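Thanks for coming. I have one structure to go through this morning, and I will keep to what was computed from the atoms.

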Amino acid sequence: MKKYAVLGITALLVSAFAVQPQAEESLQPSDYSQAITATEESDQDYQKLKTKMLTRYDSLVEQIKQSEANFTSLFSDNQATDTLPESFTPWWQDEVSTQLNPNTSSMGTDVTSLFTMAMNTSSQIQVFSDLPLIRETTIQEAEGPFDWRVFAEGSLSDLDEPVGDDLKTGGPLRYEENNADLAYGIRKKFVTGTEVELKQNIGGLDTNSVYFNPEDQARTGTYLTIRQPLLKRFGISYNNSAINLAHIDHAIAADEFQRNIESHLLEVSRAYWGLYLERSLLVQRTHLAKRSQAILDKMESRANVDVQPSLLARARSLVSAHNLAAMQAEYAVRNAQSRINALVNNPALLSNGSLELVTAQQPSSSLLNLSFDSVIDATLNNRPEVGQAMKHIQSAAIRLDNSDNELLPDLDLFFQTYVKGLEGDYAYGTAYSNQFDEGGPSYVAGLRFEYPLGNNGAEARNLRKKIELRQHVHQLDTTVQNVLLEAQVSFRELSKNYRSMVQSYQIMHSDEEEIKELMAQIDLMLAKSQPYGDMLYRLMDSSERLTKSEELYAKSELAYNYATYNLYRAMGVLVSKNNIETIQEQDSDELPAIKLEEKSMVVNP
């Protein structure tokens, strides 16, 4: 018995511990309930909602940070030497920053000036800037139902009808009536759902009935009518929801505007560095072509001494290939300039067809001082896509609140009070004063109730709003994961491109050392009067390899600088980093327009 008792107690303990994780898991709020709690506690405050919802990703962010911190590269032993000499400057840098073609006019430019041009003249940015202005009009439109409304309506009637009842006319066989009526007043709907109407009636009536007294009647009436929903459509939050949704929609458009602006400015920076790269390649290839030609001239002068005809032919082929590459590089520079023109749309760049854009801003070769943790935190707080997803949750919560209200029955209170006046001989003034001088006001009040059995329409809409809210939470999850992925990749791309630039420098430095060694050998052979024709060809071949390594360095250098701007864009701070602000003003057509301007743009990120 004791044995079975022990086994029974053990089984109970095991089962208790087995269900414990399920109990803990059941305590975790669902996606839907977490969104409901966050929106209710934030009380429609966006910053509070954002703070509460971002706590949903604390564990994810911590895992990402830990994963990056604990990563050890296969090439970690080589990272200690991955630095550029502080005094190093590529030989072509100064030449790239000056006018290359003396046959054209020139204009210096940099990323800052291109950003400024794009903000002022880019047609694409103008397209982007109109979106918030279009959405802003919905705010005024949503306020429209609460405007004071002035109304007036009038009618004239002239009746001549047969009658079959002597009591209607007192004798005449046809009933004749002349009636004129005018009603005017004001109406207003309030944010509580209350509808108020104040109306004044003025009319004249005359008939051929012998019972009609007095004749030529002037009739007046003043009416005050109030309609108040008591359940469905009642409350400030319900009736004000259209305005709140319009404000949120406008804020979403502002986030979209920021996202589009950052993407466009990133393309502008890419175009600038692309132009800088093409100009660098033009300088390098032109330099190689000239150097190869000089070596060829020396080889031809020694054609009858120590340079074989086959070697000379090969050298001529190389020189032709280098001249071809230099010519193609010039066209590539022109294409890069056209790319900038298409992005910036500045008339000054097209006013002179032979304008040369001189890239005055030189690339940075120092490693950007940003920690991975700060990049991740800035991404969550600044990416406009996250803000848009948050605001969609905010909108969905408002629509769900409205749907909850619409589950209630229709129960409306109706109240009306009025005074009337009457006078003969069309004495409208006397009839109007009689409204208040004779008798007292009349009152009418009542309730109207309506409720559909089953309430299928409202129930279906309410369920749909709940599912949509949950869908927006999942969309926020997807957005956060995507922007964090972008931030991780952009941060790693920055590090990768910096290391690539350093290693490209090491390759280029080795090729330079080879050429120095060949030149020293040639000088030594000249001093000893030894044949050196083969050495000249080796020098030409080494020069070609050096130019390729210089091209590799230039590409990695420009990739690194572009990666810096791309990282700022991934963090959602490219606009703020450049101190760009938006100003709303009126254009020449007196239409609202958004202008971008910079307070103090940063040249080197």
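Predicted model: local features only at pLDDT ≥ 70, side-chain atom pairs only at ≥ 80, totals over all residues.

Residues are numbered from 1 along each chain as its sequence is written, and side-chain values use heavy atoms, with hydrogens and water left out.

The protein chain has 17 helices and 10 strands; these are DSSP runs numbered from the N terminus, H or I of at least four residues for helices and E of at least two for strands. The C-alpha trace spans about 150 × 100 × 40 Å along its principal axes. Of the 605 residues, 41% count as buried. Buried means under 20% relative accessible area, exposed over 50%, and partly exposed in between, with a 1.4 Å probe and protein chains only.

Now the cores. A nonpolar core is a set of buried Ala, Val, Leu, Ile, Met, Phe, Trp, Tyr and Cys residues joined through side-chain atoms within 4.5 Å. The largest one has 104 residues, and Trp273, Met299 and Leu476 are among those with the most contacts inside it. Helix α10, residues 241-301, gives the most to this core, with 17 residues. A second, separate core has five residues, including Phe146 and Ala246.

Leu476 is in contact, meaning heavy atoms within 4.5 Å, with Met53, Tyr57, Val386, Ala389, Met390 and Ile393, leaving aside neighbours within four places in sequence.

Met53 brings us to helix α3, residues 46-54, where Tyr46, Leu49, Lys50, Met53 and Leu54 are buried. Seen down the axis of α3, these buried residues fall within an arc of 120°, so they line one face. The arc is that of the directions from the helix axis to the C-beta atoms. On the other side, Gln47 and Thr51 are exposed.

Last, strand β7. Asp410 lies in this strand, residues 410-423. Is Asp410 buried or exposed? Asp410 is buried, at a relative accessible area of 10%. The residues it touches, not counting those up to four places away in sequence, include Lys232, Arg233 and Arg448.
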